Amino acid sequence: MIISWKILLFVATALLASRSSCQDDEDDAETGITIDVNGYVAYCPCMGRFGNQADQFLGALAFAKSLNRTLIVPPWVEYRRGQRNAVMVPYAEYFKLEALLEYHRVISMENFMEYLADYEWPVGKRKVFCYSDRHGAKKGECNAKEGNPFGPFWDSFEVNFDESVIFGPLYFDTHSPSTMHEWLVRYRPDPYPVLAFVGPPAPFPVTIHNAQLHRYIQWSDQHHYKAEEFILENFYNDRPFIAVHLRNGLDFERACEHVKESPSMFAAKQCIGERGQYGTTTEEMCYPSADTVVAQVKREVESNKAKAVFIATDNDDLISEFKRAMPNVKFVKQSEPASPHLDLAILGRADHMIGNCVSSFTAFAKRERDVRGLPTTFWAFERKLRNSDEL
Ligand SMILES: Nc1nc2c(ncn2[C@@H]2O[C@H](COP(=O)(O)OP(=O)(O)O)[C@@H](O)[C@H]2O)c(=O)[nH]1
Ligand SMILES: *[C@@H]1O[C@H](CO)[C@@H](O)[C@H](O)[C@H]1NC(C)=O
Ligand SMILES: [Mg+2]
């Protein structure tokens, strides 16, 4: 019983912490921290940047819930200029872990590895799951640590794998009861206490249904206050204000050349619908011209009687074009370097937002706004309504 003091200490600390932080919900003290006989789901958010990872996080949360296993919440994987390997940022750095407990049992990967792994997932018995074999040193296996961020991710928790489990053609379809049943009977908690996946156990983009889980993603107090403070400082006398997301970096310009062949590219379904029932993706929606953007902002400023516009962008803020067309409107953005997370939190709170249909970064803010009941429109897109779809 070498590990028991660690678990006891952890549970005691967690109980104390949750007693003081959420007195209104005594149940929280019991969730997510004790050993789960149903097992756990772990994964590397190894695909894409923040927007992609957030989409797949929602799917992973739904997946763990439908298997009734605790979700081991991974850190965000970030890519920083000038750094060769990805950097791991704990989930709780940006968002409240406790808010997830309202939906399902979770534990941070940091805590799982520190307090439970020795017992629940001992060295020598760590299996890794992949859909099909991956390129690497061992033929026919997952080679889960091959490449960046795969290697750096598991290394940051000192995890090595002893065995590969190839589960394809089974897939992560939380909307299919027969698929989920198959997962349950094929991979029982014994001998599979932890289903550790090479990549996210969830599709990208998130399904419209699972997108609703966004209400459990709540900004940490620190980020919440930063956003509120920015809004007070810049828009106190200038409400309502509009926020725009200009996703116009070189990578997007290139990607947008392919919308004709892949109309469902990235987050496009947030506009065109799961089956394309609300319209077709165009290059102009994906990479709108400056004229389109300026004209649309002008229209929205007029109809909202807005006094100010917040600009979030990964590249070109178009400020001089905006000012020329709207000399009496205030245009604001973060000083450089702009924090993507602060941009997102502000986009999520503006009185109106215009975003990019194809961008999963826009999609994050859009979902948060939906939770708040705030309106969002998109560049060069109007939802085509057919009565039959709405019934
Ligand atoms: N600060 C800031 N960064 C952005 C903005 N738009 C995109 N980015 C950066 O570019 C990345 C885009 O990747 P991703 O999040 O996957 O979204 P997508 O590529 O637009 O679907 C983000 O994670 C940010 O790091 C923005 O408006 N502000
Ligand atoms: C899910 O697991 C929890 C904790 O083990 C248990 O209390 C609950 O009854 C389970 N729910 C279902 C639907 O099996
Ligand atoms: Mg991306």
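**View 1. Three residues surround ligand 2: Asn38, Asn68 and Arg105.** Here a residue is near a molecule or strand if one of its heavy atoms lies within 4 Å of it. Asparagine 38 has a side-chain N or O atom 2.8 Å from an oxygen atom of ligand 2. On its own, ligand 2 has 360 Å² of accessible area, and the protein covers 30% of that. Accessible areas follow the Shrake-Rupley method with a 1.4 Å probe, and for residues only the protein chains shown count as cover.

A word on the model before the next views: it is predicted, so local features need pLDDT of at least 70 and side-chain atom pairs count only at pLDDT 80 or more, while totals for chains, interfaces and linings use all residues. Residues are numbered from 1 along each chain as its sequence is written, chains are lettered from A and ligands numbered from 1 in the order in which they are written, and side-chain values use heavy atoms, with hydrogens and water left out.

**View 2. Cysteine 130 and cysteine 142 form a disulfide.** A disulfide is a covalent bond between the sulfur atoms of two cysteines; the cut-off used here is a pair of cysteine sulfur atoms within 2.5 Å. By this rule the count comes to four disulfides. In this one the sulfur atoms are 2.0 Å apart, and the torsion about the S-S bond is about -85°, so the disulfide is left-handed. Cysteine 130 sits in strand E6 (residues 127–130), and cysteine 142, twelve residues away, is in the loop between E6 and helix H4 (150–155). Helices (H or I, at least four residues) and strands (E, at least two) are DSSP runs, numbered from the N terminus. Both ends are buried: cysteine 130 has a relative accessible area of 3%, and cysteine 142 has 0%. Buried means under 20% relative accessible area, exposed over 50%, and partly exposed in between (1.4 Å probe, protein chains only).

**View 3. A disulfide joins cysteine 256 to cysteine 286.** The S to S distance is 1.9 Å, and with -75° about the S-S bond the link is left-handed. Cysteine 256 is buried at 0%, and cysteine 286 is buried at 0%.

**View 4. Cysteine 271 is bonded to cysteine 357.** Their sulfur atoms are 2.1 Å apart, and the left-handed link shows -90° about the S-S bond. Cysteine 271 is in helix H9, whereas cysteine 357, 86 residues apart, is in the loop between strand E12 (352–355) and helix H14 (360–372). Cysteine 271 is buried at 1%, as is cysteine 357 at 0%. Numbering the bonded cysteines of the protein in sequence order gives the pairing 1-2, 3-4, 5-7, 6-8.

**View 5. Threonine 281 is buried in a loop between two helices.** The loop runs between helix H9 (269–272) and helix H10 (283–286), and the relative accessible area of threonine 281 is 5%. A polar atom of its side chain lies 2.4 Å from the backbone oxygen of proline 263. Leaving aside neighbours within four places in sequence, threonine 281 is in contact (heavy atoms within 4.5 Å) with Val259, Pro263, Ala268, Ile272 and Val358.

Key:
A polar contact is a pair of N or O atoms within 3.5 Å; within protein, one must be able to donate a hydrogen and the other to accept it, and residues adjacent in sequence count only if both atoms are side-chain atoms.
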